[in-house]
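Subject: The model, and what turned up in it

Hi there,

Here is the structure I promised to pass on. Have a look at it first, and my notes follow below.

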Amino acid sequence: MMKKNSFLSLLICLVAFIQLSIAQEAENAVPVFKDGEAQIIEAFSDPDEWIRHDLWVETEFDTDGDGKPDRMHVAVTRPKQTETENLKLPVVYISSPYFAGVASDDGGLWDVRHELGELPEKERQHPQVTRTGKRPIISNSHIRTWVPRGYIVVHSSSPGTGLSQGAPTIGGDNESLAPKAVIDWLCKRIPGYTTIDGDETIEAYWSTGKVGMTGTSYNGTIPLAAATTGVEGLKAIIPIAPNTSYYHYYRSNGLVRSPGGYLGEDIDVLYDFIHSGDEAKRAYNNATVRDKEMKEGMDRRSGDYNDFWAGRDYLNDMKPMKAALLMSHGFNDWNVMPEHSYRIYKAAKEMGLPCQIYYHQKGHGGPPPMRMMNRWFTRYLHGIENGVENDPKAWIVRENDKESNPSAYEDYPNPEAEVVSLFPTAGAPGRGKLSMEQAETNSSETLVDNYSFSGSSLAMAEITDHRLIYCTPVLSDDVHISGVPKITIRLACSKPAANLSVWLVSLPWNEKPDAKINDNIITRGWADPQNYRSIRKGTPLKPNKFYELSFELMPDDQIIPKGQQIGLMIFSSDREYTIWPEPGTELTIDLDQTTIDLPIVGGKQQFTRAISN
């Protein structure tokens, strides 16, 4: 009996010791790293123990006209150990205009049924946002991902949205300075306030002063906006499908062109869509931003680039940027098109910044695999030398692969890609040829504009007067396109203005019930022939006079499988993207002076092999 009691006593003591050790380990929890990645820590993972609070950070601007600096609403979520153990952690910060709800699309879009160079007779409607959500929580986005891995997660509403003061400007300076102010607070350079208009301050004593930002779409634009200020403490950003230039979002080479899925949207529409801030301030904001600055600057009549658009192009503001950059985008994102990420990645690389780019084959959104994001933030926020800066620059999800399994490449575009110039040969109203040999036939072909036909229906048509299409021979080997195709086209127009749309497609068109349009679109682009000299100044065309213009299509990295044909399709109004002028405008293409340059891995040698039967 004595021995049994002794054993039980020993067992009880051992269990108590283990429980005490676990409790002490939990209380003294610190981030743990394995294989260069921050690991999930049980002590950080209980939502009931997270500390949540909200506050306001004062900015250096006043955009709502009340004579006081605008304050941004901020929400913090952090492990309890930042309080009980004085643990300091880095911050993952997400800012957005969407956290408090958005307006309805009904009635808010521009009517696109009118002639080019004109505006619709009926003014568009201005829907109002009804704020949603309860304070203090702005959003739970990213919290369950990053807090358990040893980060503090911070959210803020952008100017003029939610409980943040100010006015949305859709890419104006205040949308860069607002996240900068929050980062300044996280780095203890300025105070935060416990209320929207009070003087009681609150400090970020739990922050290491190392901040990373991420987000998708508009939420991915804001990290870039913050980074262009050069703010100290912003160490790394992971923008996902970011809008890096509002001109490139709403215009294309001088042409008024809607983002995919939102025909008739323009910058003032997006302003109305997100304006969920203080209702008492909306009248002033509307008068000064939407009805003055935007109305005077956006120039929907011509589509030309100007100072208004230049001020909303983050490529122009990159000089102060210091943050390490991991970009993510889909090659079939026809909303925020892949050029947005590529132009910033290219510039960051030229500046010598640490940078990587991740591309997948799907549409809008799509973050890099968790491992890539984790390694990026582990390296630049926790300071763990995991060698991520020596990893391949480009990670591309190949056709039919999972997004979690990208292929590594030395860079993007693929360094083995070489430009192959292809030339069209007459074939209208059917299909002409596309080859490496330029025919000297003095030939031209004419198409008739009609917005009633979608681009996909034109590509599938065997015979039609509403497009011109030129196809390679059936490929006997795969062709890997990697980079930015460019078209040079010589054309004449029957009127002073016309839309110009160019698609590069893979044929035959997949007409299976579950097929998607992206199965056949390689890339595409749009331009205003009036801007043949410059996107800053369009000139009315003299009817039937030929003009030459060159422009880039969207970046791509795609393997066109053998058995397909590559087709160059030229048409006028693109039903899903452009203004709808009265049908009947004629475009005549000088085939002898028209060329499509394709960046092909393996260059002419590989392409020659692919078209040899």
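Is the crossing of α7 and α8 left-handed or right-handed? The crossing of these two helices is right-handed; a crossing is called right-handed if the near helix is turned clockwise from the far one by less than a right angle, and left-handed if anticlockwise. The contact draws on Ile-267, Asp-268, Tyr-271 and Asp-272 from α7, and on Arg-282, Asn-285, Asn-286, Val-289, Arg-290 and Met-294 from α8, where contact means heavy atoms within 4.5 Å. By type, the residues of this contact are four nonpolar, two polar and four charged (Ala, Val, Leu, Ile, Met, Phe, Trp, Tyr, Cys and Pro count as nonpolar, Asp, Glu, Lys and Arg as charged, and the others, Gly among them, as polar).

Before the rest, a word on how to read this: the model is predicted, local features need pLDDT of at least 70, side-chain atom pairs count only at pLDDT 80 or more, and totals for chains, interfaces and linings use all residues. Residues are numbered from 1 along each chain as its sequence is written, and side-chain values use heavy atoms, with hydrogens and water left out.

Back to that pair of helices. Helix α7 covers residues 267–274 and helix α8 residues 279–297, and they pack at an angle of about 165 degrees with their axes 10 Å apart. That makes α7 roughly antiparallel to α8 (angles under 35 degrees count as roughly parallel, over 145 as roughly antiparallel, 65 to 115 as roughly perpendicular and the rest as oblique). The axes are lines fitted to C-alpha atoms, for helices over the stretch in contact, and angles run from 0 to 180 degrees between N-to-C directions. Helices (H or I, at least four residues) and strands (E, at least two) are DSSP runs, numbered from the N terminus.

Next, helix α4. This helix, residues 174–186, has 13 residues and reaches 18 Å from its first C-alpha to its last, close to the 18 Å expected at 1.5 Å a residue; the expected span is 1.5 Å times one less than the number of residues. Twelve of the 13 residues of α4 are buried, so the helix is largely enclosed by the rest of the structure (buried means under 20% relative accessible area, exposed over 50%, partly exposed in between, with a 1.4 Å probe and protein chains only). Among the buried ones are Asn-174, Lys-180, Asp-184 and Trp-185. After α4 comes Lys-188, with a positive phi near 65 degrees.

How do α4 and α5 pack, and at what angle? The angle is about 75 degrees, and their axes are 8 Å apart. That makes α4 roughly perpendicular to α5. Here Glu-175, Ser-176, Pro-179 and Ile-183 of α4 meet Tyr-218, Ile-222, Ala-225 and Ala-226 of α5. This contact divides into six nonpolar residues, one polar and one charged.

Nine of the twelve residues are buried, so α10 is largely enclosed by the rest of the structure. The buried residues of α10 pack against α5, α6, β13 and β14. They include Glu-339, His-340, Arg-343 and Tyr-345. Gly-352 follows α10 and has a positive phi, near 85 degrees.

Now for the loops. Most residues other than glycine have a negative phi, and most peptide bonds are trans. Asn-253 is not a glycine, but has a positive phi of about 50 degrees. It sits in the loop between β11 and β12 and is partly exposed at 26% relative accessibility. Asn-544 likewise has a positive phi, of about 70 degrees. This residue lies in the loop between β24 and β25 and is exposed, with a relative accessible area of 60%.

Asp-528 also lies in the loop between β24 and β25, but is buried, with a relative accessible area of 5%. Its contacts, not counting residues up to four places away in sequence, include Asn-253, Ser-302 and Ala-498. Asp-528 and Ala-498 are 30 residues apart in sequence and 6.8 Å apart in space, C-alpha to C-alpha.

Finally, the cis peptide bonds. One joins Tyr-412 and Pro-413, with omega about -5 degrees, and Pro-413 is in the loop between β16 and β17. Another joins Ala-428 and Pro-429, with omega about 5 degrees, and Pro-429 is in the loop between β17 and β18.

Best wishes
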